[in-house]
Amino acid sequence: MHLRCVDCGETYPADRLVTRCQCGGLLDVVIERTGALDRSGFDRRLTALTGIERSGVWRYRELLPPLPDATIVTKPEGNTNLYEVPGLAAWAGVARLVLKHEGENPTGSFKDRGMTVATSHALWVGAQIVACASTGNTSASVAAYAATAGLPAIVFIPEGKISAAKLGQTIAYGARIVQIRGNFDAAMALVQDAARRYGIYLLNSINPFRLEGQKTIVFELLHQMGWEPPDWIVLPGGNLGNTSAVGKALTELHEAGVIGRLPRVAVIQAAGAAPFYEAYRAGFREYHPVTPETVATAIRIGDPVSYSKARRTIDLTNGVVAAVSDEAIMEAKARIDRAGIGCEPASAATLAGLRQLVSDGVIPVGASVAGILTGHLMKDTDAVMDYHLGPDAANHPLANPPQVIDPTPAALEEILGDVL
Ligand SMILES: Cc1ncc(COP(=O)(O)O)c(C=O)c1O
């Protein structure tokens with residue numbers, strides 16, 4: 001195993017954390033694997049009830065960094081459900097839609113998949129302290145995995161811009177919290193500087209070991225689909241770590257002969273935080289960071305760190321990038337919630353983007369689509385309350401406010417006459 005720069009090809013040993021090449025490029029983990037990949041091993045581990053093999057990440061360990069069992073920190077994560085959702089498929093306008101709910105991970109978001117691998121690597125290389133910048137979910141995951149590993153953690157968050165639930169999780173798991181007067185991008189710059197200065201192990205997705213764990217979203221998804229890829233995989237894009245991991249996972253499965261063709265990847269950004277979309281529209285000839293603003297706070301990112309790796313995913317899969325309004329995100333979220341599945345606003349960009357791409361004729365109506373939901377509904381209850389009870393609730397098609405009555409049967413019949 002070693003690290004390789006995606007820009008200049010320079011290599012580095014993997015027994016320490018290097019987050020960038022000397023040339024400034026991002027690094028990939030390269031795993032030397034010999035022999036054919038035995039898929040039946042993945043099936044066998046499905047019966048494990050505890051421990052490393054129970055993990056929906058380490059189940060695929062032949063395709064992951066070869067870390068010793070003794071350093072593996074697992075909760076165990078993954079094992080998220082794949083929901084067949086004909087009603088939402090019809091609303092989006094496609095023949096088949098399945099939703100992989102990464103909000104069902106231990107801390108409520110996909111971040112746990114990357115965190116088990118990166119925290120295990122941190123222990124392996126002897127890290128004494130870990131840190132991250134975060135729009136909320138990374139901080140909750142870092143705090144939980146650091147607590148499990150017995151490592152002190154510092155998280156840098158944009159002041160007032162993360163949901164109360166995510167902040168509450170991070171506080172509860174015991175990480176030291178630094179609130180930055182500025183946005184996520186400012187927090188990201190400061191944590192990278194602090195990591196260099198003080199020898200802190202950085203747990204953001206610029207750390208290539210995070211992306212190794214996040215590859216397993218695709219491994220587990222395709223395993224659940226009998227290794228028969230959908231036509232499209234749709235996911236939200238913020239810092240673009242997941243987009244990068246999806247591309248790497250697909251390449252590795254294809255090279256190992258596990259899948260015979262690559263699905264196309266569609267990345268959906270919030271219109272107010274869409275630098276990747278703008279670059280895509282310009283044929284990737286130019287890239288400009290933006291000042292981000294969106295209700296989907298998890299993807300409120302104006303200068304995504306994994307831009308160059310994410311671009312590789314789009315090139316490799318003949319992928320597309322779209323941007324959707326906050327209104328479209330919140331309507332899609334209300335529909336996912338109403339289907340009994342639920343997700344946080346950033347995750348709903350997936351469904352909003354799919355519907356838009358079908359309506360624009362980019363994704364054909366006959367397509368089979370797998371959408372990734374990245375975070376749990378309970379991650380942002382403020383967004384739920386605002387949609388259903390806020391000042392604008394009357395304009396929201398699926399608003400479902402509680403009704404207040406006097407405690408009498410007559411009053412009850414008055415408001416529930418249609419269902420009683
Ligand atoms: C719920 C949720 N969805 C999507 C994203 C975006 O993922 P990425 O930064 O890998 O693009 C994040 C990142 O924080 C997130 O928390």
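This is a predicted model: local features need pLDDT of at least 70, side-chain atom pairs count only at pLDDT 80 or more; totals for chains, interfaces and linings use all residues.

Start by selecting Leu-82: with 15 C-beta neighbours inside 10 Å, Leu-82 counts as partly exposed. A residue is called buried if 20 or more other C-beta atoms lie within 10 Å of its own, exposed if 12 or fewer, and partly exposed in between, with C-beta atoms placed from the backbone. Leu-82 sits in strand S4, residues 82-84. Helices (H or I, at least four residues) and strands (E, at least two) are DSSP runs, numbered from the N terminus.

Residues are numbered from 1 along each chain as its sequence is written.

Step back to Pro-76, in the loop between helix H1 (40-45) and S4. The peptide bond leading from Lys-75 to Pro-76 is cis, with omega near -15°.

Next, select Ile-129, in the loop between helix H3 (111-124) and strand S6 (130-133). Ile-129 counts as partly exposed because it has 16 C-beta neighbours inside 10 Å. Show Leu-202 as well: 73 residues away along the chain, its C-alpha atom is 8.8 Å from that of Ile-129.

Then select helix H7, residues 208-224. How far apart are the end C-alpha atoms of H7? They are 25 Å apart, which agrees with the 24 Å that 17 residues should span at 1.5 Å a residue; the expected span is 1.5 Å times one less than the number of residues. H7 is mostly covered, with 15 of its 17 residues buried. Just after H7 comes Gly-226, with a positive phi of about 65°. Trp-227, in the loop between H7 and strand S10 (232-236), has a positive phi of about 60° although it is not a glycine.

The axes of H7 and H8 come within 8 Å and cross at roughly 60°, where axes are lines fitted to C-alpha atoms, for helices over the stretch in contact, and angles run from 0 to 180 degrees between N-to-C directions. H7 and H8 are therefore oblique to each other. Angles under 35 degrees count as roughly parallel, over 145 as roughly antiparallel, 65 to 115 as roughly perpendicular and the rest as oblique.

Now bring in helix H10 (residues 307-317), whose axis comes within 7 Å of that of H8 and crosses it at roughly 45°. This pair is therefore oblique too.

Turn to the ligand, which 20 residues surround; a residue is near a molecule if its C-beta atom, placed from the backbone, lies within 6 Å of it. The closest are Gly-238, Asn-239, Ala-298, Thr-374 and Gly-375.

Finish on H12. Of its 15 residues, 13 are buried, and just after H12, Gly-361 takes a positive phi of about 80°.
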